[in-house]
Amino acid sequence: QAHLVETGGGLVQAGGSLRLSCEVSGHTFRNYDMGWFRQAPGKEREFVSAISLSGESTYYADSVKGRFSISRDNVKNAIYLQMNSLKPDDTARYYCAAQAGRGYCSGLGCYVSASSYDYWGLGTQVTVSS
């Protein structure tokens with residue numbers, strides 16, 4: 001089974017940037033589709049971004065498109081979320097998730113669903129001040 005650890009959260013002013021990292025244990029990372037979700041107080045868990053196991057396909061929520069960028073390093077067993085032009089509405093706890101079934105997701109409809117993922121990290125807090 002996979003163990004996911006997120007780092008890189010913090011406090012930043014509106015318009016600033018942060019880069020989140022998610023490190024995955026084990027030797028099967030290359031077989032995992034990966035995603036980022038977030039949850040703010042009073043809100044449901046929200047899809048942010050996803051990347052296919054090969055890194056060839058990426059997906060973004062409309063709310064972050066053009067500002068956030070997801071990437072992965074299959075040698076380091078890690079994925080990243082570069083967050084630019086941060087807004088107060090981006091304030092949330094950000095979670096990394098892994099889908100362990102090779103080829104399970106084929107498009108956005110699958111990646112955006114939290115139920116598609118098998119493993120989750122404990123999250124890292126991002127707070128954006130106005």
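**View 1. Charged side chains of the predicted model.** In this predicted model, the protein chain carries 12 positive and 11 negative side chains, and the centres of these two sets lie 3 Å apart. The accessible surface of the protein chain amounts to about 6,600 Å², with 46% of that area belonging to carbon and sulfur atoms.

**View 2. Elements and overall dimensions of the protein chain.** The protein chain holds 1 helix and 11 strands, which, read from the N terminus, follow the order β-β-β-β-β-β-β-β-β-α-β-β. The radius of gyration of the protein chain is 14 Å, close to the 14 Å given by the globule rule for 130 residues, so the protein chain is as compact as a globular protein of that length. Taken along the principal axes, the box filled by the C-alpha atoms is roughly 40 × 25 × 25 Å.

**View 3. Burial and the largest nonpolar core.** Of the 130 residues in the protein chain, 45% are buried, and the largest nonpolar core comprises 36 residues. Within this core, Met34, Trp36, Leu81, Met83 and Tyr94 touch the most other members, while strand S9, spanning residues 92-99, gives the most to the core, with 5 residues.

**View 4. Surroundings of Met83 and contacts across the sequence.** When residues up to four places away in sequence are not counted, Met83 touches Gly16, Ser17, Leu18 and Leu20, together with Arg67, Phe68, Tyr94 and Val126. For the protein chain as a whole, among contacts between residues at least 6 apart in sequence, 60% join residues at least 24 apart.

Conventions: Residues numbered from 1 in each chain as written. Predicted model: local features only at pLDDT ≥ 70, side-chain atom pairs only at ≥ 80, totals over all residues. Heavy atoms only, no water. Helix = DSSP H or I, 4+ residues; strand = E, 2+ residues; numbered from the N terminus. Rg over C-alpha atoms; globule rule 2.2 N^0.38 Å. Buried < 20%, exposed > 50% of the residue type's maximum accessible area, 1.4 Å probe, protein only. Contact = heavy atoms within 4.5 Å. Areas by Shrake-Rupley, 256 points an atom, 1.4 Å probe, with all protein chains shown as cover. Lys, Arg positive; Asp, Glu negative; His and termini not counted. Charge placed at Lys NZ, Arg CZ, Asp CG, Glu CD. Core = buried A, V, L, I, M, F, W, Y, C linked by side-chain atoms within 4.5 Å.
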